[in-house]
Amino acid sequence: MEAGSTMTPMMISLIVASVIGGRLLLRIKYRTNLTVGMIITSIGFFLMSTMGLESTMWTADGFMIVMGFGMGLVMPTLMIAVQNAFPKEKLGAVTSASTFFRSIGGTIGVMIFNVVMNNTY
């Protein structure tokens, strides 16, 4: 329960950024939104990499908010870009394939980081 509640700030910022990112797509291009989101996500990952045993929960929350905000800008933008690239009759297949491959990528990413963590410790 504690691990799940630790992720709450990141998920809330991801949701907020998804709404903001969706609105921004009406005014700016996909690439701009993706670039800004990737830069913010990279900064969040870098900040998370600087944490140690002495890091406070507030520090972790702040870093996760940064990372969640960047991910929130990227995820819906990619989905909308993929949906706009295909005709309407293939929209269901394209959306499900995108979600499927996102899940597979997340699973493989968690597996790789778990291997690295287990070999480090």
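This is a predicted model: local features need pLDDT of at least 70, side-chain atom pairs count only at pLDDT 80 or more; totals for chains, interfaces and linings use all residues.
# Reading helices, burial and contacts

User: How many helices and strands does the chain have?

Analyst: The chain comes to 5 helices and 0 strands, and when you follow the elements from the N terminus on, they run α-α-α-α-α. For its extent, the C-alpha trace spans about 50 × 30 × 25 Å along its principal axes.

User: How do I decide whether a residue counts as buried, and is T41 buried or exposed?

Analyst: The step of reasoning needs a cut-off: a residue is called buried when its relative accessible area is under 20%, and exposed when that value is over 50%, with partly exposed in between. T41 has a relative accessible area of 8%, and so it is buried. Over the chain as a whole, which has 121 residues, buried residues make up 22%.

User: Which residues is T41 in contact with, leaving aside its neighbours within four places in sequence?

Analyst: With those neighbours set aside, T41 is in contact with M67, G70 and M71.

User: Where does G72 lie, and which residues does it touch?

Analyst: G72 lies in helix α4, which covers residues 57-85, and G72 is buried because its relative accessible area is 0%. Not counting residues up to four places away in sequence, G72 touches L14, A17 and S18.

User: Why does T77 count as buried, and what is T77 in contact with?

Analyst: T77, which is also found in helix α4, counts as buried because its relative accessibility is 0%. Once its neighbours within four places in sequence are left aside, T77 is in contact with L25, Y30, N33 and L34.

User: What does M64 touch, not counting residues up to four places away in sequence?

Analyst: M64, another residue that lies in helix α4, touches T6, M7, M10, S13 and M48. With a relative accessible area of 4%, M64 is therefore buried. To compare the two kinds of distance again, M64 and I12 are 52 residues apart in sequence, and 10.0 Å apart in space from C-alpha to C-alpha.

User: Let us turn to the surface. Which residues form a nonpolar patch there?

Analyst: F100, F101, I104, I108, M111, I112, V115 and V116 form this patch, and together they have about 760 Å² of accessible area. The place of I108, one of these residues, is in helix α5 (residues 91-120). I108 is partly exposed because its relative accessible area is 42%. For the chain as a whole, the accessible surface comes to about 8600 Å², and 73% of that belongs to carbon and sulfur atoms.

User: How is a pair of aromatic rings described, and how many aromatic pairs does a search of the whole structure find?

Analyst: A pair of aromatic rings is described by the distance of the centres and the angle of the planes. In this model, a search of the whole structure finds 1 aromatic pair. That pair is formed by F100 and F101, whose rings are 5.2 Å apart centre to centre with 70 degrees between the planes, an edge-to-face arrangement. F100 is partly exposed, because its relative accessible area is 48%, whereas F101 counts as exposed, because its relative accessibility is 58%.

Definitions and conventions: Residues are numbered from 1 along each chain as its sequence is written. Side-chain values use heavy atoms; hydrogens and water are left out. Patches are made of residues with over 30% relative accessible area and no salt bridge: like charges are joined within 9 Å, nonpolar side chains (Val, Leu, Ile, Met, Phe, Trp, Tyr) within 5 Å. Accessible areas come from the Shrake-Rupley method with a 1.4 Å probe; for residues, only the protein chains shown count as cover. A salt bridge is a side-chain nitrogen of Lys or Arg within 4 Å of a carboxyl oxygen of Asp or Glu. Helices (H or I, at least four residues) and strands (E, at least two) are DSSP runs, numbered from the N terminus. Buried means under 20% relative accessible area, exposed over 50%, partly exposed in between (1.4 Å probe, protein chains only). Rings of Phe, Tyr and Trp (its six-membered ring) pair if their centres lie within 6.5 Å; planes under 30 degrees apart count as stacked, over 60 as edge-to-face and the rest as tilted. Contact means heavy atoms within 4.5 Å.
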